[in-house]
Amino acid sequence: MTVLEQPGSSRNTSSLAGPPPSWRPRTDPAPLLPDQEPYRLLGTDAAARLDSGLLTRLYTQLVRGRRYNAQATALTRQGRLAVYPSSTGQEACEIAAALALEERDWLFPSYRDTLAAVARGLDPVQALTLLRGDWHSGYDPHEHRIAPLCTPLATQLPHAVGLAHAARLMGDEVVALAMVGDGGTSEGDFHEALNFAALWQAPVVFLVQNNGFAISVPLAKQTAAPSLAHKAVGYGMPGRLVDGNDAPAMYEVLTEAVQRARRGGGPTLVEAVTYRIEAHTNADDATRYRSAAEVETWRAHDPIALLERELAARELLTDAFVGDTKESAEQLAADLRERMNADPELDPMDLFTHVFAEQTSQLRAQAAQLRAELDAEAAGHTEDAVGAGGFAEEARP
Amino acid sequence: MTTTVPATARKPATMAQALTRAMRDAMADDPSVHVMGEDVGTLGGVFRVTDGLAKEFGEDRCTDTALAEAGILGTAVGMAMYGLRPVVEMQFDAFAYPAFEQLISHVAKMRNRTRGALTMPLTIRVPYGGGIGGVEHHSDSSEAYYLATAGLQVVTPATVEDAYGLLRAAIASDDPVVFLEPKRLYWSKADWSPDAPTEVAPLGRAAVRRRGSSATLITYGPSLPVCMEAAEAARSEGWDLEVVDLRSLMPFDDDTVCASVRRTGRAVVVHESNGFGGPGGEIAARITERCFHHLEAPVLRVAGFDIPYAPPMLERHHLPGVDRILDTVARLQWESDRTDGGGE
């Protein structure tokens, strides 16, 4: 774009200087602006048009999700998981993200989004491989089209853009949905991803779960923007502001954004206003940076309770349905507990297996060294392993 | 400098032209090869290395991107996840630094994280090194950063022929390659046949560029022509120098290096990048560990000084030149019965 003088920036002292070239915004920003208030369905008149099947489906998944969070948190206390960043309180965002996608689409989760991955079909134990520490990520991303859980903040967002762009270039109507937290919106990769997505009109949906805190730092210290959804306008894509605890509202907004992307309408930024009920992880002390009263306010706006009210009004919250849902959640937890309590079978030689397609001579030598160390360890005399591998042989004249 | 191209259909070609041809041929052979970066399309790259690719293959295959290195590499990761083979240009060595997180946390590790399920057939082209009079941030030798990261292949051509062969090999590789292009050799010419390109050079194999018996100069990329010149000059001093061009720093060709040093008994490693923490230290250590009993002298290094890259008007003092190499070679007179040459 042409570089223009700013109005009033200088006094015109040259008779040769003409008027500045005309300028107008490239895009009318008004249609891109998000709503002033987060979009809600539950508790409003609009809830009446919601499909009961969708509501019961969302409910079952939310309850299972909460149970999964509770079980995984318990596993950290038993030492079975190195760490678990719970998404309790944010289940509506997680479930909606998974359900809004079709099978051919791709999900790009962050480290807090194991639940979205499980809801999309990933084995609950495989979803925890990274957090247990037996491998990094570990699952096959192609199986359910779920990118590896991403620990660095926002770095998976450009991947989502690139994948969606590549799919479109290859003629596939595939959409990528990428998840990030409020803290992640401050990272450079967030901005570069949004810019590329808008420039390429890539079929991507960015879901920001604004849960109030980046570990201990509140949103007010993270951004001066009116809302995170407002950030979309600067890149030339629409921003949507949604109540992240309203599962059907989340589902509707994400589904619309996915469909829009699939139709060639380009990317959307969705900000879900939600709250992290638990601490950042089991290693965090949330009482140092927020009050119990604040947490209680959000507990009263619980995503499961909100949905229960609507189901009860429709007389769908029967004992049988609630009992079946609870049983399904308990089965999930029991299966997770049982399988996580079995020690994973680890082969140390795998350390060398997936570095390059073809192992280098250096890695072959190091693998031989480890093999010798393992053999010596098995034979009970570790000292023999010293110098067994590597270059010892070659060093002799 | 001469190359060993067959005599048929030879004509003068520059390294830049050979690189262009390598991308062109790779794109023609494989529709999944995509070139992307800032200015690579309409302009043909600031060094014109991507000249004509957008015109021939369209803007979807040779894409001018926004000015954002992390975004360029990050989106390329996603494209590779979907089955494309992106060839990414980082316009200058120091411009690649914003993309380091993508490179180190994702490009280098994706195969490992996914137990081989996701591969990263990415080529990251980085024009690097000094000697073109570039201002600050335009002349860094950044190879040590890449070498410190497991999972990256690091390749650097020094001849026109290798520029073609190694770039073809890099693009064909299923693992990521940081392809360091010595920018001061872009305009170096050789008799090379673009119409009958030589075979794709295997990655991880060094080349002996000059046979000799007194000592081995081990080098790569921009320092190869300097070493060849030094080897010629050393003849009058009675030194018959062998010159090994590593071509690929990772994988590292221990065999070729060790075979040469065992033959000559003396070794000097030559590179532009800082000596402290630079590749020369690793190479010297490898030689010492493997060839100690063959060595007649300590392995010496000729490297750039341990300073932030010199301003252009002073860079000739920073870059290893023929004289500094010859002075160092003279110091190899270690417990030797030779009487010529210098020494400490």
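The following questions and answers walk through a predicted model, chain by chain and element by element.

This is a predicted model, in which local features need pLDDT of at least 70, side-chain atom pairs count only at pLDDT 80 or more, and totals for chains, interfaces and linings use all residues. Residues are numbered from 1 along each chain as its sequence is written, chains are lettered from A and ligands numbered from 1 in the order in which they are written, and side-chain values use heavy atoms, with hydrogens and water left out.

Student: How many helices and strands does chain A have?
Tutor: Helices (H or I, at least four residues) and strands (E, at least two) are DSSP runs, numbered from the N terminus. By that count, chain A has 14 helices and seven strands.

Student: What percentage of the residues of chain A count as buried?
Tutor: Buried means under 20% relative accessible area, exposed over 50%, and partly exposed in between, with a 1.4 Å probe and protein chains only. Chain A has 397 residues. The buried part is 51%.

Student: Among contacts in chain A between residues at least 6 apart in sequence, what percentage join residues at least 24 apart?
Tutor: Contact means heavy atoms within 4.5 Å. Among those contacts in chain A, the part joining residues at least 24 apart is 75%.

Student: Which residues of β3(A) are buried on the side of Phe206(A)?
Tutor: In a regular strand the side chains alternate between the two faces of the sheet. In β3(A), one side holds Val205(A), Leu207(A) and Gln209(A), and these are buried.

Student: Why do the buried residues of α11(A) line one face of the helix?
Tutor: Helix α11 (residues 303-313) of chain A has Pro303(A), Ile304(A), Leu306(A), Leu307(A), Glu310(A) and Leu311(A) buried. The arc is that of the directions from the helix axis to the C-beta atoms. Seen down the axis of α11(A), the buried residues line one face because they fall within an arc of 160°.

Student: Which residues are exposed on the other side of α11(A)?
Tutor: The buried residues of α11(A) pack against α1 (52-77), α2 (91-99), α9 (247-262) and α12 (319-340) of chain A. On the other side, the exposed residues are Arg309(A) and Ala313(A).

Student: Is Arg290(A) buried or exposed?
Tutor: Arg290(A) lies in the loop between β7 and α10 (292-299) of chain A. Its contacts, leaving aside neighbours within four places in sequence, include Phe213(A), Tyr275(A) and Val295(A). At 9% relative accessibility, Arg290(A) counts as buried.

Student: Which backbone oxygen does the side chain of Arg290(A) reach?
Tutor: A polar contact is a pair of N or O atoms within 3.5 Å; within protein, one must be able to donate a hydrogen and the other to accept it, and residues adjacent in sequence count only if both atoms are side-chain atoms. The side chain of Arg290(A) makes its reach at 2.8 Å. The backbone oxygen is that of Ile277(A).

Student: Why is β7(B) largely enclosed by the rest of the structure?
Tutor: On one side of β7(B), Val177(B), Phe179(B) and Glu181(B) are buried, and on the other Val178(B), Leu180(B) and Pro182(B). β5 (residues 123-128) of chain B pairs with β7(B) in the parallel sense over six bridges. Strand β7(B) (residues 177-182) is largely enclosed because its buried residues number six of the six.

Student: How many residues has the largest nonpolar core?
Tutor: A nonpolar core is a set of buried Ala, Val, Leu, Ile, Met, Phe, Trp, Tyr and Cys residues joined through side-chain atoms within 4.5 Å. Those with the most contacts inside the largest core are Phe206(A), Met81(B), Tyr146(B) and Ile287(B). The number of residues in that core is 80.

Terms used: Pairing = 2+ DSSP bridges.
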